[in-house]
Amino acid sequence: MRKRKILVLSITIVAIALILETCILRYVNEKNAQTTSNVLLDRVIAVLDKNESSEERFVKSLKDDYIVRAKAISYIVDAKPEVEYDIDELQKIASLMSVDEIHLIDETGTIYSGSIPKYFGYSFDSGEQMAFFKQMLNNYDLTLCQDVTPNTAEAKEMMYAITWNESKTHMVQVGITPKRLLKELKQNQISNVVADMPVYKGMEIYVVNSKTNIIEGATDKNKIGKKILTSNKNYQYITRKHGNYNVSVSISESMFSQNNIVAILIVGIYLTLASCLLVLMLSRVLKEKYEKEKYMYTSNTDGLTKCFNRRAYDTDMEKLDLNTEWAYISLDLNGLKQANDSLGHSAGDELICAASNCMKFAFASYGKIYRIGGDEFVVWIQNSVSNLDSILQVFDATIHEWHGKYSNSISVSYGVVKSSEHSFDSVQEISKLADERMYQNKKDYYTTSCNDRRR
């Protein structure tokens, strides 16, 4: 009986928890949906405002662009006078500058050359469209761009821009078909703008003509051109009027039911999963800690020698204090290139690893060892700097006694600088001096060994 009561109580508590969770989640979902809908409405209205106010500026910017193209072509023709009467070259320039026509017009307003020979001889007196540019004859500093207008020769819809050349000897006119303009303007159409807007699953955006109730823009392109039905019981609609449009966001009721089912499942299995999740979270924390330590090791360690790498070197050098006592040793292998060339890269790798092992034996107890390049190493001595000479003797002896599989000996040049031997301004000054001493040591080595192959 007692077990039964406990079971009933447990079921009751779980049931109450499920009902409470469902109510809370539905309330939260509705509030979130309302907030999200208002955000989407604000975004769409902002786009509509921008779209309406920017179209004129957009067309103006295109006109400015076409004038720039006309000027650019004028500079090209001035720079290459031989193309002035070369139709083929002018056609190539037109293609390069993304224009359909190029016309060169003399001081009387007559077309005397260009990319389309059939227009030669037309002038500013040939028709109303051409007459628009007569004002150019009285102002050599003037540039013009005409709205889309049927041209004089064929009544073909065109947009023309014109400018005087630098020496004011002729005018350069470019023609662009309205297809280019319409293609660029199409990108700002409501249907395209709204279709590209991101929405959550189960939500749709509609921009509806308030007079015709026809959808002009929607995130679902299949709805464009149809009438909107806000009486659908399966959807909630949040609508805001803006100018000639009604902007609506629809929310599917299935969003709530799906979330409620998820809530019931979550609460129903919560107690079972709680312990599992706790163990999982703990294991993830430990795994992340391990991965972080592994990453820190691999990101700061040279793969071949297991010394610290250039990244660790740069980080540590930034932290050095010039007011403390330490030593900087710049090291470089002698004869590595010769070993690579004559014995192969395996021999070269053997020398690099051998050098690093000798450094670890001699220096690891007193500081850090970095491989900063192919055969370039840096040792930073922090402890026992006063015994540096003895430490270097150990290193020299270790190098001298080494014998390998491919090579019988190894040679390393190095330069040593103590932070206390001079009033240095920066660590870079110390490293530069250490490099100079190392290279002098290397020079002495090659002079003594009579070997010119220094790498």
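Is Tyr 446 buried or exposed? Buried, with a relative accessible area of 2%.

Okay, ground rules. This is a predicted model, so local features need pLDDT of at least 70 and side-chain atom pairs count only at pLDDT 80 or more, while totals for chains, interfaces and linings use all residues. Residues are numbered from 1 along each chain as its sequence is written, and side-chain values use heavy atoms, with hydrogens and water left out.

Let's do the sheets. Helices (H or I, at least four residues) and strands (E, at least two) are DSSP runs, numbered from the N terminus. Two strands pair if DSSP finds at least two bridges between them.

Start with strand S6, residues 171–176. Six of its six residues are buried, so the strand is largely enclosed by the rest of the structure. In a regular strand, side chains alternate between the two faces of the sheet. Look at S6 with that in mind: Met 171, Gln 173 and Gly 175 are on one side, Val 172, Val 174 and Ile 176 are on the other, and all are buried, so both faces are covered.

Who sits beside S6? Strand S1, residues 101–105, pairs with S6 in the antiparallel sense over five bridges, and there Glu 101 stands opposite Gly 175. Strand S5, residues 157–164, also runs antiparallel to S6, joined by six bridges. Ile 162 has Gln 173 of S6 as its bridge partner. The hairpin of S5 and S6 has six residues between the strands, and Lys 168 takes a positive phi near 60° in that hairpin.

Next, an open sheet of four strands, ordered S8-S7-S10-S9 with antiparallel pairing. Strand S8 (215–218) and strand S9 (235–242) are at the edges with a single partner strand each, so one side of each has no neighbour in the sheet. The twist averages 25° from one strand to the next. For angles like that, axes are lines fitted to C-alpha atoms, for helices over the stretch in contact, and angles run from 0 to 180 degrees between N-to-C directions. Within this sheet, S7 (residues 203–209) and S8 run antiparallel, joined by three bridges, and Tyr 206 stands opposite Ala 218 in S8.

There's another open four-stranded sheet, in the order S12-S13-S11-S14, again with antiparallel pairing. Here strand S12 (367–371) and strand S14 (412–418) take the edges, each with a single partner, so one side of each is left without a neighbour in the sheet. Neighbouring strands are turned by 15° against each other on average, direction ignored. S12 and S13 (residues 376–381) pair antiparallel over five bridges, with Ile 369 opposite Val 379 in S13. Helix H8, residues 310–319, packs on this sheet and touches strand S11 (327–333), S12 and S13, where contact means heavy atoms within 4.5 Å. The direction of H8 makes about 135° with that of S12.

Now the rings. How many aromatic pairs does a search of the whole structure find? It finds 10. The rule: rings of Phe, Tyr and Trp (its six-membered ring) pair if their centres lie within 6.5 Å, with planes under 30 degrees apart called stacked, over 60 edge-to-face, and the rest tilted.

One of them is Phe 363 with Phe 395: the centres are 5.0 Å apart and the planes are at 35°, so that pair is tilted. Phe 363 lies in helix H10 (residues 345–363) and Phe 395 in helix H11 (residues 388–401), so the pair ties together parts that are 32 residues apart in sequence. Phe 363 is buried at 0% relative accessible area, and Phe 395 is buried at 1%.

Back to our opening residue. Tyr 445 and Tyr 446 form an edge-to-face pair, 5.0 Å centre to centre with 75° between the planes. Tyr 446 is buried, whereas Tyr 445 is partly exposed, at 30%. Ring pairs also link Phe 124, Phe 132 and Phe 133 into a cluster.

Last stop, cysteines. A disulfide here is a pair of cysteine sulfur atoms within 2.5 Å, and by that rule the count is zero. Take Cys 353: the closest cysteine sulfur, in Cys 307, is 8.8 Å from its own, too far for a bond. Cys 353 is partly exposed at 22%, while Cys 145 counts as buried at 11%.

Terms used:
Buried < 20%, exposed > 50% of the residue type's maximum accessible area, 1.4 Å probe, protein only.
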